[in-house]
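Reader: Could we go through this structure together? I would like to start with helix packing and then turn to the aromatic rings.

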Amino acid sequence: MRQRFDIQMKLGQTPIREIYINPKSKNALEQLIAALKEIYCNREYNERVFSIIEDYLPDVDRKNGRPGMNLWTIFVFSQVRLCLGTTYDMLHRFANNDRQLRQLIGIENEFGVEPFTFEYQNIYDNVSKLDSAMLSALNDVIVEFGHREVFKKKGTTALRLKTDSFVVESDVHFPTDYNLLWDCCRKCLDMVTYFLKKYPQMPGWRKIKSWRSELKSLMRQVGRISCSGGKNKQEKLRKTAALYVEKCRLLLLKLISEKQHFPVCTLADAARFYGLEHYIQLLTKHIDLVDRRLLKGETIPHAEKMMSIFETYTEWVAKGKSRPAVELGKKVSITTDQFDLILFHKIMNDEQDRDIVIEIADNLLYKYKLIDSMSFDKGHWLAENKALLELEIPFVVLPKLGRRTDPEKDLETSRKYSVLKNRHSAIESNINELEHRGLDRCPDHSYDHFVTYVAMGVCAYNLKKIGKKILENQLKEPVVKKAA
């Protein structure tokens, strides 16, 4: 049973519209609260936000069961987490101790009664229910609110857009063939340990601790030799790798022969058994990779490699920068306007910047009819891209790769082109702020949670920008002196 918000005021409770926020504040949380407060107090946008959340959250029986966390609290907590780029532990602390945040969700009481406290698991279970489709729909409403109610964008004002991409890293360690092989071994042993604890009478695994210790020791020896120098390095590496691979093969044979004896009596047992089957397949694959690369000296094609056995969506991204030279995660493309709000974002799956230009433009032209200009960097260049963009957008800034013709030189040295090209660099500061809001590295696991995390970060960024402008506008308002 889940409600939008508990509208029944209690004694000592501060109405949301009366929450005081210092307009001089530079604090990200207070700027976020300022934006959320204005959206909640605006009847039109309040209704639209709640309607979207209700449409996407799992169905609940409103007549039976105990009341769950209300929709407003779930939404607020999700935005606080990404606005501050914080963990669930710190979110739990803010939820139980920050006075303004508790006023915003309607549980702070001034009369000294026993304060309501949230449990960590309650926060985690509810905030993790949000999904990327819902957050993308909410972001469109948030951007519209910012344009109309805060930045006072007129209906005839055209947008000046900027597009660029950056990498959101996934929560993985640096991948090498030998440490990925160790990951496969230890996860297989973890699955076996589950069955041993639940069914102690299961035979054949008396030395499971020895298996783990010996495999880890061999993996570390391979790593030390691989990173060091000295005479006969390759021969030492080959010998140690041969011992490592042989031990892994013995484990693989033992797992294949013994797995049929594992008791599967419950759904939890079945889940662990299928997990074991999955890791046995990965173990087979990585034994072959280590054997081919370290023992046979082959060069492994990139398509055969895995960046992680856990976050399998992870890509090896080299953007040509000196530091960091390589990032492990996914590229995310964002498009911002002249108000620094993010209108659209896309997670790129084995795609380059130039491959998604038309898709981005189509989405933006469908949502926003008046677009004056759109700027990109050289990584987005394709002659076809520029030709198609110029059919719909009056001015396109898309620097050409390679030699320019005389008309192209004249265009790229024109005043308007130069002004828009110089303004394009502002998107780098938007990306930097996004990374400080938590989109430098995603701590959540699985691709679905990665996508949701990015969408949540975009919403929180836009709300923080809107809140900052709200407080700036309040400072500009004339002070009305009270009559004596």
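Author: What follows concerns a predicted model.

Reader: How do α8 and α9 pack, parallel or antiparallel?

Author: Helix α8 (residues 177-198) and helix α9 (residues 208-227) pack at an angle of about 170°, with axes 10 Å apart. Angles over 145 degrees count as roughly antiparallel, and α8 and α9 are therefore roughly antiparallel to each other.

Reader: Which residues make the contact?

Author: On α8 they include Tyr178, Trp182, Leu189 and Leu196, and on α9 they include Ile208, Trp211, Leu215 and Met219. The residues of this contact divide into eleven nonpolar, three polar and four charged.

Reader: What sits over the ring of Trp211?

Author: The charged end of Lys247 does, 4.4 Å from the ring centre. Likewise, the charged end of Lys254 sits over the ring of Trp205, 4.8 Å from its centre.

Reader: On to aromatic pairs: how many are there?

Author: The count comes to 16 aromatic pairs. One of them joins Tyr45 and Phe145 edge-to-face, 5.2 Å centre to centre, with 75° between the planes.

Reader: Where in the chain are Tyr45 and Phe145?

Author: Tyr45 belongs to helix α2 (residues 43-56) and Phe145 to helix α7 (residues 132-150), 100 residues apart.

Reader: Is Tyr45 buried or exposed?

Author: Tyr45 is buried, with a relative accessible area of 0%. Phe145 is buried too, at 3%.

Reader: And Thr299, buried or exposed?

Author: Thr299 is exposed, with a relative accessible area of 74%. Thr299 lies in the loop between α11 (267-295) and β2 (315-317).

Terms used:
Residues numbered from 1 in each chain as written. Predicted model: local features only at pLDDT ≥ 70, side-chain atom pairs only at ≥ 80, totals over all residues. Heavy atoms only, no water. Axes fitted to C-alpha atoms, helices over the stretch in contact; angles between N-to-C directions. Helix = DSSP H or I, 4+ residues; strand = E, 2+ residues; numbered from the N terminus. Parallel < 35°, antiparallel > 145°, perpendicular 65-115°, else oblique. Contact = heavy atoms within 4.5 Å. Nonpolar A, V, L, I, M, F, W, Y, C, P; charged D, E, K, R; others polar. Buried < 20%, exposed > 50% of the residue type's maximum accessible area, 1.4 Å probe, protein only. Phe/Tyr/Trp six-rings, centres within 6.5 Å; stacked < 30°, edge-to-face > 60°. Lys NZ or Arg CZ within 6 Å of the ring centre and 35° of its normal.
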